Amino acid sequence: DIRQHTFVPQHEAIRDKEEINKILTMTNTSISQMPIIKRTDIQAKILRLAPGDLCKIHRITETAGNMIYYRICK
C-alpha cells in the first residue's frame, strides 16, 4: 500500500459541502484559486475522490511541523 510509505503524506477526503465552504472562507480562497488534484492521481483513486471533493494533505516537516494543504479534485 503506497499510503504506508514514510515519504507519502497523509491524505483525507472532504466531501461535505458545508465543510468545504468553511475551509474556503478560512483560507480566503475560491474553488478556482485552489490547487488541483486530478482524479487520475493514485491518492485520488484510493480515496475515490470525485470532482468537487477536497483533499486535505497533512505534511510533516522538521522546520514547520505539521502543515495542512488543500487540493480540489478536477
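Two strands are taken to pair if DSSP finds at least two bridges between them, and helices (H or I, at least four residues) and strands (E, at least two) are DSSP runs, numbered from the N terminus. The structure is a predicted model, in which local features need pLDDT of at least 70 and side-chain atom pairs count only at pLDDT 80 or more, whereas totals for chains, interfaces and linings use all residues. Residues are numbered from 1 along each chain as its sequence is written, and side-chain values use heavy atoms, with hydrogens and water left out.

In strand β3 (residues 54–61), 8 bridges connect to β4, and the two strands run antiparallel; within this pairing, H58 stands opposite I68 in β4. Taken together, the strands form an open sheet of 4 strands with mixed pairing, in the order β1-β3-β4-β2. Its edge strands are β1 (10–14) and β2 (36–37), each of which pairs on one side only.

The structure holds 1 salt bridge, a term that denotes a side-chain nitrogen of Lys or Arg within 4 Å of a carboxyl oxygen of Asp or Glu. This contact is made by the side chains of R15 and D53, at 3.4 Å from N to O. Because R15 lies in the loop between β1 and α1 (17–27) and D53 in the loop between α2 and β3, the pair ties together parts that are 38 residues apart in sequence. The two partners can also be described by their relative accessible area, for which buried means under 20%, exposed over 50%, and partly exposed in between (1.4 Å probe, protein chains only). R15 counts as partly exposed at 42% relative accessibility, while D53, with a relative accessible area of 7%, is buried.

On the surface, I2, I42 and I46 form a nonpolar patch with about 230 Å² of accessible area together. Patches are made of residues with over 30% relative accessible area and no salt bridge, like charges being joined within 9 Å and nonpolar side chains (Val, Leu, Ile, Met, Phe, Trp, Tyr) within 5 Å; accessible areas come from the Shrake-Rupley method with a 1.4 Å probe, and for residues only the protein chains shown count as cover.
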